[in-house]
Amino acid sequence: MLGTYDGNSIELKEIHRFTNDPVIVNGTMYWDILRLFHEIKQGLLKAKHESEFDSIGIDTWGVDFGLLDKAGNLLENPVHYRDNRTLGMLEESFLKLPKQEFYSITGNQFMEINTAFQLLSLVLNRPDLLERTDKLLLTPDLFNYMLTGEKKAEYSIASTTQLLDAKKGVWSEKVIQTLGIPKHIFPTIVPSGTKIGVLSDEICEELGLKKCDVIAVAGHDTQSALVAVPSKEENFIFISCGTWSLIGTELEAPLINEKSDYYNITNEGGYGGRASFLKNITGLWLVQESRRQWMREGNEYSFGQLEELAMKAAPFASFIDPDAPEFSASGDIPSRIREYCRSHGQKVPETVGEMIRCINESLALKYRYSLEQISECTGLDYPAIHMVGGGIKSSQLCQFTANANGRRVIAGPVEATVLGNVALQLIAAGQIRDLAEARRIIGQSPDITRYEPDNVDAWEEAYKYYKDLILK
């Protein structure tokens, strides 16, 4: 994406779009990191033909990483967080570091996909790989390294690892040493919005580019998206809606206590040293993976067609817990949903429309469940929900969220992650004063829709049923 700022508004233009397809080899799921970097370079080439640009910022998903040897070469393709190498690692880690103490240090939601548990699997099963490792770079840091040669860890992406001391903002020696991970592999942490370097001579020569700055924006896409939440209120609830749904609020400092531990709520680092107090919920992965399954069966639906079919299906027929373990791996999600509903004594969704409606209603209800936990921990009420990201293209999900929560939903912008990324580059360049000004500018976007709650009584009954049946 090419972002342009005229002093009043940020304009985005899509330059190059490509798929991000994991590759399974000999039972291991990898990211195709070299192809992804090739596509990044294609994007830079196309951007050059469109206009000169002053800086580059990269954000990605969290927790995954590449390992470099002393010569700076990748030891192997980064492994995908959905790979099964982390199975059982949570329990294994608690034998080394009690769960309550672990949470009190990191303030992170315990999820087997987290970097700490990926590394623990290497400690236990592939120690030779770690012995050959000089530096670990999380995904956006790895791409920054490929562009500049600089090996740094950006703060927000480091906070997704469950290896960071949330209160001190540094790598936790206690966690790292207790899990048996070599301390020297972790690079220096830099604040979000830091200039990390300039395009290397090699890249400039290869692509015919002029030197330009590479900014370590909020490397975790959720935190870049949070920069673009157009809230005028200090206290607000946001849902960053995509493959994952991340629901939370922004705090001045981490909130780590018995209640947040009990509810397994994460504290993630954001721009300006702020803390995002949030829950990770499996999101539109369920729709995306279901769609892939139907394509494998010879039936290709657009997302718009899926929504139309869902609107025709009967409401409140069946529900799932999106975070149930059977939905975490890739594969035949529709069959797993049918089996889940069958095992919970519910009507089994048979048609495509029934399946999508089940997913969307269940997500909206899980959002409410998580919002109540967050509100209980902070002691604050939130009259509206800001939804951002690609998932808000589903007007059904936005409306269901308003209905289930009995709150207005302010949906937009769709490209929140990109806008936040660009805004942080502009702040680094001195073109935008601060976060408040960035949000004010982004809030002027026409790409914002409001949804008022409807049919609240029926959704209230559905929520009671959902809690009793699904979440008991």
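# Reading backbone exceptions, cores and a pocket

User: How does Phe 316 count by relative accessibility: buried, partly exposed or exposed?
Analyst: Phe 316 is partly exposed, at 26% relative accessibility. Buried means under 20% relative accessible area, exposed over 50%, and partly exposed in between (1.4 Å probe, protein chains only). This is a predicted model, in which local features need pLDDT of at least 70 and side-chain atom pairs count only at pLDDT 80 or more, while totals for chains, interfaces and linings use all residues. Residues are numbered from 1 along each chain as its sequence is written, and side-chain values use heavy atoms, with hydrogens and water left out.

User: Which peptide bond is cis?
Analyst: The bond from Gly 412 to Pro 413 is cis, with omega near 5 degrees. Pro 413 belongs to the loop between β19 (408-411) and α17 (416-428).

User: How many residues does the largest nonpolar core have?
Analyst: A nonpolar core is a set of buried Ala, Val, Leu, Ile, Met, Phe, Trp, Tyr and Cys residues joined through side-chain atoms within 4.5 Å. The largest has 64 residues, and those with the most contacts inside it include Ile 10, Phe 143 and Ile 432. Its largest share, eight residues, comes from α17. A second, separate core of 56 residues includes Ile 333 and Leu 469.

User: What is the volume of the second largest pocket?
Analyst: On a 1 Å grid over the protein atoms alone, a pocket is an open set of points where a 1.4 Å probe fits, with protein on both sides within 12 Å along at least five of seven lines; lining residues have an atom within 4 Å of a point. The volume, the space filled by probe spheres set on the points, is about 990 Å³ for the second largest pocket. It has 38 lining residues, and Phe 110, Met 111, Glu 112, Asp 323 and Pro 325 are the closest to its centre. Elements giving two or more residues to this lining include α2 (89-96) and β17 (275-282).

Terms used
Helix = DSSP H or I, 4+ residues; strand = E, 2+ residues; numbered from the N terminus.
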